[in-house]
Amino acid sequence: IAATQPSTNWHLKENAREHHTSKFSSEELVVRRGQDFTITFNGTERPEQNLIFIAETGPKPSKATRTLATFDISSTASKEGWSAVLKSSSSNSVSISISSPHNAVIGRYRLSVQSGSSSPASLGTFVLLFNPWSSGDDVFMPSKAECEEYVLEEFGIIFAGNKNHISSFGWNFGQFQGDILNICLSIMDRSLYYRQDPVTDVSHRHDPKYLGRVLSAMVNANDDQGVVLGNWSGKYEGGKNPSSWTGSGEILQSWKKSGFKPVKYGQCWVFAAVLTTVLRCLGIPTRTITNFSSAHDADGNLRVDEFYDADGNHLEKGADSVWNFHVWNESWFTRNDLGPSYSGWQVLDATPQEQSGGIYQCGPASRHAIKEGEVDLDYDSTFVFAEVNADCMYWNYDSATGKKTLIFSKSTEIGDSISTKAVGRDDRVDVTRDYKYEEGSAKERDIFKKARKKLGLEDKFDPTAPRLEEIEQKPDISGKFKVAGSLEVGKDLNLLLVLENLQSDAKTVNVNMTAWSTLYTRRRVNQIWKDSISVTLAPKEEKQFPIKIKYPEYQQQLTTDKTIQVTALCHVEDGIQVLVKRNITLDNPAINIQVLGEAKVNKEVVVEVAFTNPIDAEVKDCVLQVEGSDLLQGILELRIPPLKASEKSSTKFKLIPSEAGPKHLLVNFSCDKFADIKTFKMVNVVN
């Protein structure tokens, strides 16, 4: 090789088009494994003669760890290892097609070339990613539409609320924006696994199940100074309220800018959304999943115990809990460790709930294994199985005596309306049947028994298990809360407590009622209201009791999750207690986005956001946050003057779209009375 450094043409545009990497905003070549790419370089004499290429990655590249490959020019691409095929050559330049194996380690590679006995000359660096378009790859996804959605789509919809009232909000994953790819590569290099043994860690980076597990640990800050610090206290001083984020980009950029200090604060959907960004960026098909009435079974007995005092207050006793909703991830890859039937969607969860192998990480758990009750299969299948299947036991607890009495148990409470965004549409798809057989069916109970048996729970004497005579008792009355009217922040809350006497003799019932503001995890924050009534129900009689909680009563107490738990503990004379409860999620008032005119690439377009103050008091400290990949750079923040009662505000701003196609604009509006009113609008950008 001549003394001059070869200059390399990476054919960025053509290679990116072939490799589905055009959306990366990088000056560096980004390609996918198992597929050839073309480079041209000069500075070599008689180039095609005995050229040897060297591709290496990681701190100590070696052939043994498959982080170093040396290969010469061959006539055809190799199926097994790295290879180079000559495309054309002239007196001073040479065009080469380079192929990597389907199971190559992913990450940043250094590429050099050597001619004869001279020392290697560097051609530069490139980044190698997973390839869901290639049938030999562990992450191969046969449907092109699914590859588009789960790898290339930067916009997502996350479902929240509760099972009676599902709500949703948009999220900007932004996996192709700015420096996100580099940040994702540095996340891998900051994991505990890498710090303990960098050589082994890098050598495992060909395996999506390994990386999925490592990254589920790195997205939370526990153990490893990872990306996001969780906070479920209801108090978020010194950081951002988890419900105020609208995308992952700001979080990942903040983590890097701060010198890799955890970003404050996240809750489950933030962890899941950031993990989606990182995995899509690296080429692993990934989506967010919301499970309603999600169990957190801390002791692994597939049972969740909830405790109430005599007044009907939900007590914080025991480590088990049920969340209104919980968001985790599914990623698509093969499970060579378990066998072909367990391949496909795998559950990963970056929310730090329980340790696994001494670290806050969870998964990958095969979704098929969860459905079939195979709770002994790697990784963390028992925990995920309980999240969607645990049985619920409701206890009355007397703190003076320490006595607990079973009120009732329910096996159909947990794991409801499991939801994800549709492919190519902004709709909800229900995937509950992919996690379990129909609730109440014999098959579903058989699977539950099979899981208990695998965990050795079926014949253990459990002193806390209810005795048979307790379970057999049938209540004399039934009750439920019905919603009367709208569930909106700023309006009074109207409910009906409906009680029905199931017996043919009259019953006297003393009812203790409470309403608490809670977090979405059902953790109590502030008591809003309490009342007690005594009623007599004639034989088989049904009665309704109206309950009104006025806006001024709850306004100060409400959390930004806008959730209220109402309970009525009914003490039936000479009968067993009946617990009636309902979790209510209030809706924020609406906010409207209008695009004024046609959105064209590189042309200004005006957007108007309108909000009407629905309450009869002034709202102030109003802030509008706007973001959207390919519509604007970073985040636009606009301050809005205070709004009097019923006053409408209209705010206009300009966008300059940078790419054609369906793009999503996300808006977040906050003021002193309403937190984080979110909406999104699809903007069709034309050339």
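Reader: Which residues does UniProt list for "active site"?

Author: The unreviewed UniProt entry lists Cys268, His326 and Asp349 for "active site". UniProt positions are given in the numbering used here, feature names are shortened, and annotations may be inferred rather than shown by experiment. The model is predicted, and local features need pLDDT of at least 70, side-chain atom pairs count only at pLDDT 80 or more, while totals for chains, interfaces and linings use all residues. Residues are numbered from 1 along each chain as its sequence is written, and side-chain values use heavy atoms, with hydrogens and water left out.

Reader: Why are helix 3 and helix 8 called roughly perpendicular?

Author: Helix 3 and helix 8 pack at an angle of about 100 degrees, with their axes 10 Å apart. Axes are lines fitted to C-alpha atoms, for helices over the stretch in contact, and angles run from 0 to 180 degrees between N-to-C directions. Angles under 35 degrees count as roughly parallel, over 145 as roughly antiparallel, 65 to 115 as roughly perpendicular and the rest as oblique. Helix 3 and helix 8 are therefore roughly perpendicular to each other.

Reader: Which residues of helix 3 and helix 8 meet?

Author: Ile180, Leu181, Cys184, Leu185, Ile187 and Met188 in helix 3 meet Thr277, Val278, Cys281 and Leu282 in helix 8, where contact means heavy atoms within 4.5 Å. By class, this contact of helix 3 with helix 8 has nine nonpolar, one polar and no charged residues. Ala, Val, Leu, Ile, Met, Phe, Trp, Tyr, Cys and Pro count as nonpolar, Asp, Glu, Lys and Arg as charged, and the others, Gly among them, as polar.

Reader: What makes helix 3 oblique to helix 7?

Author: Helix 3 (residues 180-188) and helix 7 (residues 248-257) pack at an angle of about 60 degrees, with their axes 10 Å apart. That angle makes helix 3 oblique to helix 7. The contact is made by Ile180, Ile183, Ser186 and Ile187 of helix 3 and by Gly249, Leu252, Gln253, Trp255 and Lys256 of helix 7. By class, the contact of helix 3 with helix 7 has five nonpolar, three polar and one charged residues.

Reader: Which peptide bond to Tyr265 is cis, and where is Tyr265 found?

Author: The peptide bond from Lys264 to Tyr265 is cis, with omega near 0 degrees. Tyr265 is found in strand 13, residues 263-266. The peptide bond from Gly363 to Pro364 is also cis, with omega near 0 degrees. Pro364 lies in the loop between strand 18 (344-348) and strand 19 (365-366).

Reader: What is the phi of Arg522?

Author: Arg522 has a positive phi of about 70 degrees although it is not a glycine. Most residues other than glycine have a negative phi, and most peptide bonds are trans. Arg522 is placed in the loop between strand 26 (507-518) and strand 27 (524-537).

Reader: Where does UniProt place the feature "binding site"?

Author: The unreviewed UniProt entry places "binding site" at Asn389, Asp391, Glu439 and Glu444. Although spread over 56 residues of sequence, these residues cluster in space, with a largest C-alpha distance of 12.2 Å.

How values were computed. Helix = DSSP H or I, 4+ residues; strand = E, 2+ residues; numbered from the N terminus.
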